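Here are a few exercises to work through with the structure open beside you. Try each task on your own before you read its solution.

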Amino acid sequence: MQKLDINGKIIAVDAVPDMPLLWVLRDVLDMTGTKFGCGAALCGACTVHVDGAATRSCVLPVSAAVGRKIVTIEGVSATRSGRAVQAAWIAADVPQCGYCQSGQIMSAVSLLAKIKAPTDTDIDRAMSGNICRCGAYNRIRSAIHQAAATIGKVHE
Amino acid sequence: MSESLASRRDFLRSAAGAGGGLMLALALPQANRLSAAAPIVDAASSAGAPPGGAPVNAFVKISRDDRVTLIMPKSEMGQGVYTGLSQLLAEELGCDLAAVRVETAPVAPAYNHPVFPMQFTGGSMSISSCWTSMRLAGASARMMLVRAAADRWQIAADACWVEHGAVHGPGRRRATFGVLADAAGRLSPPDPATVTLKPRDQFTVIGQSIKRIEAAEKVNGSGIFGLDVRLPGMLRAVLVRPPALGSLPGRIDDTTARAVPGVVDVKVLKAGVAVVARNTHAARQGRDALKIDWQAAPEAVLDTERLRAEYRRLSLTEAALVARNDGDAAAMLRGGGAKSLEAFYEVPYLSHAPMEPMNCVADRRPDRCDVWAGTQMQSLDRAAAAEVAGLAPEQVFIHTTLLGGGFGRRANPVSDFVREAVELSNAIKAPVQVVWTREDDMHGGWYRPLWLNRLRAALGTDGRPVAWHHTVVGQSIMAGTPMQGMIKDGIDPASVEGAAELPYTIPNVRVDLHTTSAPVRVQWWRSVGHSNTAFAVESFIDECAFAASVDPLDYRRSLLGDAQKRRRAVLETLAEKAAWGRTLPAGRACGMAIHESFGSVVGEVAEVSMEGGLPRIHRVVAVIDCGFAVNPRMIEAQLESAINYGLSAALYGEITFAEGKPQQANFDTYPVIRMSEAPVVEAHIVPSTESPSGVGEPGLPPIAPAVCNAIFALTQTRARRLPLIRGGRFTA
């Protein structure tokens, strides 16, 4: 049994130590919001936050996640910036097939936690690990700017 | 869930009794003509059985709490069909879009395409094929609700009107749909001949930029894709698939695999060897531990470089399959022009690489089989599952989930991903989810064909082409599929679409075809044959323009006759919106292309520079004529999507084979464009009152030639082979 801190709750899971966090979430806990896309940290669909940092859960052994704060797409709605990003995503009509969007949103929230008003270059740098085969990149970019503005206003 | 067949009245009664929800079953013209009293499928159940008789459309359910449910015959893979069809229904029914819920349809003839007798989503036809039927469904339901209200109030139906999900009458009478649902459900549907659809100038929902109705579940992780299906006791499986084309498993040593904690079984299937486990990780660990002696098949010698050489040789020989023959192109090419041109254009095998790797859940029970899949091809999948399970099709229930991208891959002609899951569930007598890894997806899959085009033209003294000869060489997509009836006189239309309909005014035109055989399984890939032919035709016409020393816009203008009104309008709008001919920053150039596919015309101008020796696409202006625009913002999103998807292919996409083995495996060896490479896309829609035509695919074909034409304008290097970037270097 390993104890994990997921979305603010301590959860005991029965998983071998080398099982990637992705499969613990999806197969052991049935938290299917975090997606499998490549299994090799190449596409970003599986992005979660580990101690606040955007992390590819498909290559992170669960043993390395013990004792760290894990936030998934299911938990990000509980944060103000998470909600702002989700609202901006809907307003900009970002999702098409939608499969990559959990990962995109987790990367975006992590970016906005570090940089309050990211430039296009900041966005390129933070988001280029997340593939969208529907090609919603421009909408993602504008939604991040929008979310940054919303969060900025709240803080004023 | 009920799977019984019932007469329409029985059905309505039982639906009313079962859950307090009322079903408004609607018989549409075609159904009435065939059999007015046809039994109806239980569309209220997500696993309804087919009537096996005359098709009856049943698209609408109205519950007592005023909820309107649209029984959705199409799969949502990002193209926005849930939203678009809801708009069609809501417009005629007279309810707010927010009141509409979507429930995916079971497999039944009622949900077949009106022309192709199958339930599928593809060919950019969802809106056009439901344009009339879905509005009729809404209008018929509205008339029944009005009739019910009129009866209740003892007044004439034409004194009533419908607004915001309620019927209104004189004296502030008002009854919501939910209140009327019981009574309306007892009425017979109106004679379709008496149903009048709204004229377009009264549309308030159709034609609006409506936001995607399933957006919320796609930003909070709650949307259910195929991989997200969870059933009690469901096992997971991954397959070791043949490492090379056609190879078969010989001796298998599964001792170590079975010892992996969590692994419960190893089964040999037709598609490979399955490792079944309690979770995906264990299944993958078990797979890594399997020892299999693969026996190579004769086709394991396939080598893409040799195939290219063979295609090239073939293209120099006379092609017997003639798709178009105007005048005598051959004679004119032998010496009728002032100038002659010849070029070879090549495109590679491509993987669809949807974000969600292929997968399927099957649960084979003694008397039935349930299948959960993000699929574009429900009818064929059900037939395939029934065949594998040894059941009647009526005992198989396909549950369609959200699709994490389709692009054609999830409309598999042999239902490969469904068959193996059913075969496995059959063998282990348990519900099982087969998970494809990304590598499985790229290795064990199906591909867009590799094609070679030989183009020849003779230009007159005025620079206009007097002869055009286009020879296509490649595999047939339709052969051996349920669509092979589309092959006429040996010509697969998918091989020559976009080439045979050359729109330019040229007196002598020949388009012919060498259909090849190769051991690679080929499949439709977003825009199908157009993804090849537009590249060849729109690049070569650009070559002709430059040979004639005429601006590419003027050259196209001069070759589009009066019959090409739509293209001419798109071209003029494109020239204006892109400000064609304007002075560009140093180091940048523009290229254009225009192409018709799936009933729509799209023109694109790409603005390109070379950075560090590699093409960079800064901006794409796109103009579409897709008939009446049902949801302009969704159309813009589809243009952006098709352009980026096409750009990934143009810049990077290529599957090669060596000794029958695919050489690419994941997004490192099969790159796709990322955020930093995506151009700004400016999409424009030509206003039109024609019926809607395709949107999901037509934006793709022009992007590769537009980019290559821009590269030529910038560098005088003509790129005739895709992709443009191999091993990190620009390769023309």
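**Exercise 1. Compare the radius of gyration of chain A with that of a compact globule.**

Start with the rule: the radius of gyration is taken over C-alpha atoms, and a globule gets 2.2 Å times the number of residues to the power 0.38. For 156 residues that rule lands near 15 Å, and chain A has 15 Å, so the two agree. Next, look at the extents: the C-alpha trace of chain A spans about 45 × 35 × 25 Å along its principal axes.

Before going on, note that this is a predicted model, where local features need pLDDT of at least 70, side-chain atom pairs count only at pLDDT 80 or more, and totals for chains, interfaces and linings use all residues. Residues are numbered from 1 along each chain as its sequence is written, while chains are lettered from A and ligands numbered from 1 in the order in which they are written.

**Exercise 2. List the order of the elements of chain A.**

Helices (H or I, at least four residues) and strands (E, at least two) are DSSP runs, numbered from the N terminus. Chain A has six helices and five strands. Reading from the N terminus, you get β-β-α-β-β-β-α-α-α-α-α.

**Exercise 3. Is Gly82(A) buried or exposed?**

First, find Gly82(A) in helix α3 of chain A, residues 80–91. A residue is buried if 20 or more other C-beta atoms lie within 10 Å of its own, exposed if 12 or fewer, and partly exposed in between, with C-beta atoms placed from the backbone. Gly82(A) has 23 such neighbours inside 10 Å, so it counts as buried.

Now its contacts, where two residues are in contact if their C-beta atoms, placed from the backbone, lie within 7 Å. Leaving out residues up to four places away in sequence, Gly82(A) touches Val76(A), Ser77(A) and Val109(A).

**Exercise 4. How many residues of chain A are in contact with chain B?**

There are 43 of them, and they meet 49 residues of chain B. Among the helices of chain A that each supply at least two residues to this side are α1 (21–28) and α6 (137–155). To sort the residues, count Ala, Val, Leu, Ile, Met, Phe, Trp, Tyr, Cys and Pro as nonpolar, Asp, Glu, Lys and Arg as charged, and the others, Gly among them, as polar. The side of chain A that touches chain B then splits into 24 nonpolar, 13 polar and six charged residues.

**Exercise 5. At what angle do α3(B) and α4(B) pack?**

Axes are lines fitted to C-alpha atoms, for helices over the stretch in contact, and angles run from 0 to 180 degrees between N-to-C directions. The answer is about 35°, with the axes 7 Å apart. The residues of this contact come out as 13 nonpolar, three polar and four charged.
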